[in-house]
2 protein chains.
Amino acid sequence: MTAQIQTSQSAVRWYPPSFDIRVEQVPVPEINEPDDAIVKVKLAALCGSDLHIYRGHGGVTKVHICGHEFIGEVVKLGSSYGGPAQGRPDLYSTLKVGDKVVSPFTVSCGECSVCRLGYTCRCPHGALFGSPALEGGQAQYVRVPRAGGTLYNLSDTSSWSADQTATAALDKISESSLVLLADILPTGVFAAMQALSHPKVLTALTGRPCPLNFFPLRDLPAKQDALVQEDRTLTFAIVGLGPVGICAAVSLLDLLSVGQYPFRVVAIDPNESRREKMEAVYSKISPDGRGSGEFTVASIDDAKTTVHAWTSGVGCTAVLEVVGNNSALSLAYDLVRDFGAIISVGVHGANEVPFTGRQLYNKNVSLEFGRCPAHTMFPPAFDLLAKRQDIFGGVGDASNLIDRIVGLDEAPEMYRAFEKGQVGKVIFDPWK
Amino acid sequence: MTAQIQTSQSAVRWYPPSFDIRVEQVPVPEINEPDDAIVKVKLAALCGSDLHIYRGHGGVTKVHICGHEFIGEVVKLGSSYGGPAQGRPDLYSTLKVGDKVVSPFTVSCGECSVCRLGYTCRCPHGALFGSPALEGGQAQYVRVPRAGGTLYNLSDTSSWSADQTATAALDKISESSLVLLADILPTGVFAAMQALSHPKVLTALTGRPCPLNFFPLRDLPAKQDALVQEDRTLTFAIVGLGPVGICAAVSLLDLLSVGQYPFRVVAIDPNESRREKMEAVYSKISPDGRGSGEFTVASIDDAKTTVHAWTSGVGCTAVLEVVGNNSALSLAYDLVRDFGAIISVGVHGANEVPFTGRQLYNKNVSLEFGRCPAHTMFPPAFDLLAKRQDIFGGVGDASNLIDRIVGLDEAPEMYRAFEKGQVGKVIFDPWK
C-alpha cells in the first residue's frame, strides 16, 4: 500500500512568538499508527483562523507546520486499511492509495458517541491540523490520524453519498474550490443552518408561535392566532465578510431561497474591500440562489440604520457572527431582537464575552458558540459547492472567493499580506 | 360594569434603599385607560425574584406595591370591554365583572407582532407587576393594564382552551395552586421545554444526528450511522431547587415520561432543606409522571461526581439554570457537555457573565437566557398543574411547594424569612 515517495519535503512552519513564518525542508511524515494515512497535498489554503497563532494570540510556543485546509491524494496507508470493514467506518475497508481526498480541518474517529451524534469537531480522539497537537497541511505531505474516520474520499463517493449524484457533480467542480470543503464552506453552512433551525427562528419560519416552536412537542394545548406577514419575515445580519462570512451569506441565501421564506439579510463589514467582494459575489449568484427577499451589504453604522428601518426598531431574528472578537459580539447583541439568536462561529480568545447577565436576560437572547463539525457538514457543503460553482468555481477575479494560487515559497509574504487584509483567500500549490 | 368597592386598601410596599417592607393603607386603583381592569386580589405570592428589589439590587428608588404573582376576580372594567371583539383579543368582548382570573406576571397587549410570536414577556406595551413601572399584586386590589391581552379567564375557558377539558380540570385544582400559574410553573415549563427542544438536545432525543437535527431542513444529503442507546440517553442537570427549580424538575420529568425518552436527571442545590423539599416532592410524583429514567438530588460536589460517572466524563446534554447568579452559570458550564445547552431562566444582574469567548467556543456551548413569556406558557402550565395536583395541590407539608398562606400584615416578616431561606413559597391572602 505504498507509493514511492521522497523523504524530505517543503513545509510552511510557524515560529514563536509571532509573525514568523518560514518555508523549510523537513522530513516527509511516516505512518505512526495503524489508522494513519499519508496524503500528498494537492492544494492547501490559508485561513483567517491561522492568524490567531500567526499573531501569537494562541499561547503557542511549539514550532509546527501550519494549515488546516487541504486536499490531496493518498500515498500511504497504515495496517488498518484494506481488510473487511469489521464495523469500522467504511474507509478502513475501501480507501486506496491513489484516492483523492478532502480532509476536514480536524481529525475525528467516526466511532465514538460524539462522532455518532455528528459533533465530530469535538471528538475526544480529535486534533486540529496545523496546531501544536498535529502538523498541518501547508506542506507537500501530511499525516492524517484516524483517516478512516476523518477523510472524505472523492474517488469513491459511495461511503458518503447514497447515489451517483456526488460523482456526477464532481465533474463540474473546479479542483481549487474543493479546498473550500475543508473548513470555510462547511463553517458557513453550519452558521446558516444553526440560524434557520433555532427555535427562536422557527416561530417565524414555520409560522408556529412559541410554544409551538418547541419541536417535537407538537400537540401543545394552545390556541394561537395566525401570524401575519410582518411576523413571519426573517431578518438576518451577517457580521464579518471574510471568506467564511461570504460562505455563510451564500448558504443562508440558498436555504432561504429553497424554503421560499420571506427575508431581509444585511451583510456587514467595516472593510470596504470586503464589502465590495460580497457585492461582487452576490451579483454572480443566479436568481435561484438568491430567493425573493432583500439583500444588502453595509458598514456597521449603515447596518444599524437598515435593520432599524426594516424592523421598526425590533431588530434581527438572528445574527451570524463570523469574526471572533468582542466588538463583533457586541454588534450582534445590538442588532438582535428580543427573543433573537446570535450564532457565533468566530474563533474567540481569552477575553470574557462582553455581556452582563442582565443584558442577556432582558433581551431573552440565545447564543450558539463554537467550531463547525466540518466532517458532519461536508455533505450539505458539497451540495452547495456543486450548485454554486458560479461563485466558488473560479480564481482571481472580483467575484471569486479564492484570490490566488501560489507556491509555498510565497507563504511568508502571503501571511503578512493576509494579516493586513491586502489579499483574499490564498491557496498554496506545494508543487508549484 | 362596576361593583361597589372600597376606596382604600391594604398593600405591601417596598421602600428604598433595601430590606424595608411596609404594609400600608393606600387608595384602591382606578381605571386609567379604556383597556384596564381592576382585579380584587384573592391570593398573591412572594417570589424569589421579588428579592432582587428587596435586597436593593435593582437600582430602584421608587416606593411601590410589591408582587407579580396573583389571582383574583374582576371588579371593574374600562370602556374597551363588553362590545363586539372587533379583531381584538377575545377578552375585550367576553371578560365580565365577577370573572375569576389569573394574571401572568407581566402585561402583554396580545395584539403586536411580539405577542403574536408568543414572546409576550417582551411586549413593547408590557410591564412587570410590582416594579417601579407598575404597581404590584400584594394588595387587595390591582390595576391590570391591557387586561384583555394579559389575563386568563378561569370563569370562561373558551378563549384559551379549545374544548371543555380546562373547565373540567378546574374542579380538581386547588385555589392556592392557581397562583403558581402566574409565574413559577410557566417558568419551570419554559425551562424544560427549551431544554428538550434545543437542536443540541434533539440529536439524542430524536435520534437524528447533526446536521439532521437542523429542523425543518429534513432532506439533507447525509448518510448517517444509527445511534446507540448511550448516544440517545439524555442527561440533564437542574441548578437551583427553589420553587421555580422544583417546577422545572416536575415539568422536565413529565415531558420525559410522556415522550418515553431514556434519561438521567440530577437536581442540584447547596441548601439541604431545598434538597429535602425536592426529594419529598419527587416521592409524591406518581410513576406516570416520573418516567423510567434516573432522578437524583445532589449537592454541588456530589452532582459533579454523579454526572461524571453517568456520562463517563462527557457531561450533561443540557443544564437548566434556575438561580440567576454567576456561580450558577459557572456550575452549568462545568456540567454541560461539548455541544450541550445551558438554559437559563434565572434573573441575572449587572455582572458580566463568567465566560471567556474561548471557553464557549471550545465547548460549542449554546446558551438560552431570559424571562418566561408566562402568558404564552400558561396553557401547558395549566395542564401540568391539573395533572400534578399530587404535588401542587396542597399547602404546608414537606412535599408541598406552597409553604403557608398568611395575611398581608405578615409580609415584612415573610420577606425577611424568605430572604434568609427560612420559609418556602409564601402566599398572601389579602383578606385574611
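Two strands are taken to pair if DSSP finds at least two bridges between them. In the predicted model described here, 3 strands of chain B meet this description as an open sheet, in the order β2-β1-β4, with antiparallel pairing. Strands β2 and β4 (64-65) of chain B form the edges of the sheet and have a single partner strand each, so one side of each is left without a neighbour in the sheet. The antiparallel strands β1(B) and β2(B) are joined by 8 bridges. Within this pairing, Trp14(B) has Ile21(B) in β2(B) as its bridge partner. The loop between β1 (8-15) and β2 (20-27) of chain B contains Pro17(B). The peptide bond between Pro16(B) and Pro17(B) is cis, with omega at about 5°.

A further cis peptide bond runs from Cys210(B) to Pro211(B), where omega is near 10°. Pro211(B) belongs to the loop between α8 (199-206) and α9 (229-232) of chain B. Helix α8(B) itself has 7 of its 8 residues buried, so this helix is largely enclosed by the rest of the structure. The buried residues of α8(B) are Pro199(B), Lys200(B), Val201(B), Leu202(B), Thr203(B), Ala204(B) and Leu205(B). After α8(B) comes Gly207(B), with a positive phi near 75°.

Positive phi values were also found in residues other than glycine. Most residues other than glycine have a negative phi, and most peptide bonds are trans. In Gln260(A), which is not a glycine, phi is positive and near 55°. Gln260(A) is placed in the loop between α10 (243-259) and β10 (263-268) of chain A. Its relative accessibility is 70%, and the cut-off for an exposed residue is over 50%, so Gln260(A) counts as exposed. In chain B, Ser312(B) likewise is not a glycine and has a positive phi, of about 50°. The loop that holds Ser312(B) lies between α12 (300-311) and β12 (316-321) of chain B. Ser312(B) counts as exposed because its relative accessibility is 66%.

Strand β16 (residues 425-428) of chain B is covered on both faces. Lys425(B) and Ile427(B) are buried on one side, and Val426(B) and Phe428(B) are buried on the other. With strand β3 (residues 37-45) of chain B, β16(B) pairs in the antiparallel sense over 2 bridges. Ala45(B) is opposite Ile427(B) of β16(B). With strand β15 (residues 402-406) of chain B, β16(B) pairs in the parallel sense over 4 bridges. Here Ile402(B) is opposite Lys425(B) of β16(B).

Helix α15 (residues 374-387) of chain B includes Asp383(B). At 39% relative accessibility, Asp383(B) counts as partly exposed. Asp383(B) and Leu134(B) are 249 residues apart along the chain, and their C-alpha atoms are separated by 29 Å.

The overall properties were computed for chain A. This chain has 17 helices and 16 strands. Its radius of gyration is 22 Å, close to the 22 Å given by the globule rule for 432 residues, so chain A is as compact as a globular protein of that length. Along the principal axes, the C-alpha atoms of chain A fill a box of roughly 70 × 45 × 40 Å. Of the 432 residues in chain A, 62% are buried. Among contacts in chain A with a separation of 6 or more, 72% are between residues 24 or more positions apart.

The surface and charge of chain A were also computed. Chain A exposes about 14900 Å², of which carbon and sulfur atoms supply 48%. There are 38 positive and 45 negative side chains in chain A. The centres of these two sets lie 2 Å apart.

Conventions. Residues numbered from 1 in each chain as written. Chains lettered and ligands numbered in written order. Predicted model: local features only at pLDDT ≥ 70, side-chain atom pairs only at ≥ 80, totals over all residues. Heavy atoms only, no water. Rg over C-alpha atoms; globule rule 2.2 N^0.38 Å. Buried < 20%, exposed > 50% of the residue type's maximum accessible area, 1.4 Å probe, protein only. Contact = heavy atoms within 4.5 Å. Areas by Shrake-Rupley, 256 points an atom, 1.4 Å probe, with all protein chains shown as cover. Lys, Arg positive; Asp, Glu negative; His and termini not counted. Charge placed at Lys NZ, Arg CZ, Asp CG, Glu CD.
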